Amino acid sequence: MRTLDNTEAFVRRHAGTVYRLAYARLRSKPDADDVFQEVFFRYFRSHPVFDNEEHAKAWLIRVTLNCCKNVWQSPWRKDAPLPAELPALSREESQLEDALQSLPGKYRIVIHLHYYEGYATGEIAQILGICPATVRSQLARGRARLEYLLKGESYHE
């Protein structure tokens, strides 16, 4: 049986990963907040049993991506400007962020999981339910697009 202390520790341990992924995917603080709450609500409601921490993290990432997908498909979804209270990014960070946001979602998510969350291609493949070769291909294509975008050139596949 789960205790409140264990549950609180679990949420604290994984809060950053869930929120960062939701925000990276949705680019909206209110939407990321909603997804964050929904993910942990599903955790509390379903009481999943995990083999280890990596299994728990993979489950949370999969649920976060599914919740983000639901937000994108919502008829109420509208893009909103970023809030003014966010800290200013350096010029390079801003250019990289703009380039990342202009990538198609399939490239953006594998780049996020690989570089921001530290997953290997095999782990990403398992989380996303695709084969490792597809992850490697999407990483390579995403990097190539980023390189062109950061140089100010258009990319043609």
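Is Glu53 buried, partly exposed or exposed, and what is its relative accessibility? Glu53 comes out as partly exposed, at 36% relative accessibility (buried is under 20% relative accessible area, exposed is over 50%, and partly exposed lies in between, using a 1.4 Å probe and protein chains only).

A quick note before the views: this is a predicted model, where local features need pLDDT of at least 70, side-chain atom pairs count only at pLDDT 80 or more, and totals for chains, interfaces and linings use all residues. Residues are numbered from 1 along each chain as its sequence is written, and side-chain values use heavy atoms, with hydrogens and water left out.

**View 1. Arg13 and Glu53 form a salt bridge.** Their closest N and O atoms are 3.1 Å apart (a salt bridge is a side-chain nitrogen of Lys or Arg within 4 Å of a carboxyl oxygen of Asp or Glu). This pair ties together distant parts of the chain, with Arg13 in helix H1 and Glu53 in helix H3 (residues 53-73), 40 residues apart. Helices here are DSSP runs (H or I, at least four residues), numbered from the N terminus. Arg13 is partly exposed as well, at 45% relative accessibility. By this rule, the count comes to six salt bridges.

View 2. Glu8 is partly exposed at 37%, while Arg12 is exposed at 63%.

View 3. Asp33 is partly exposed at 27% relative accessibility, and so is Lys29, with a relative accessible area of 35%.

**View 4. Thr17 is a buried residue of helix H1 (residues 4-26).** Its relative accessible area is 9%. Leaving aside residues up to four places away in sequence, Thr17 touches Lys57, Ile61 and Glu117 (contact means heavy atoms within 4.5 Å). Thr17 and Tyr116 are 99 residues apart in sequence, and their C-alpha atoms are 9.1 Å apart.

Methods
Helices (H or I, at least four residues) and strands (E, at least two) are DSSP runs, numbered from the N terminus.
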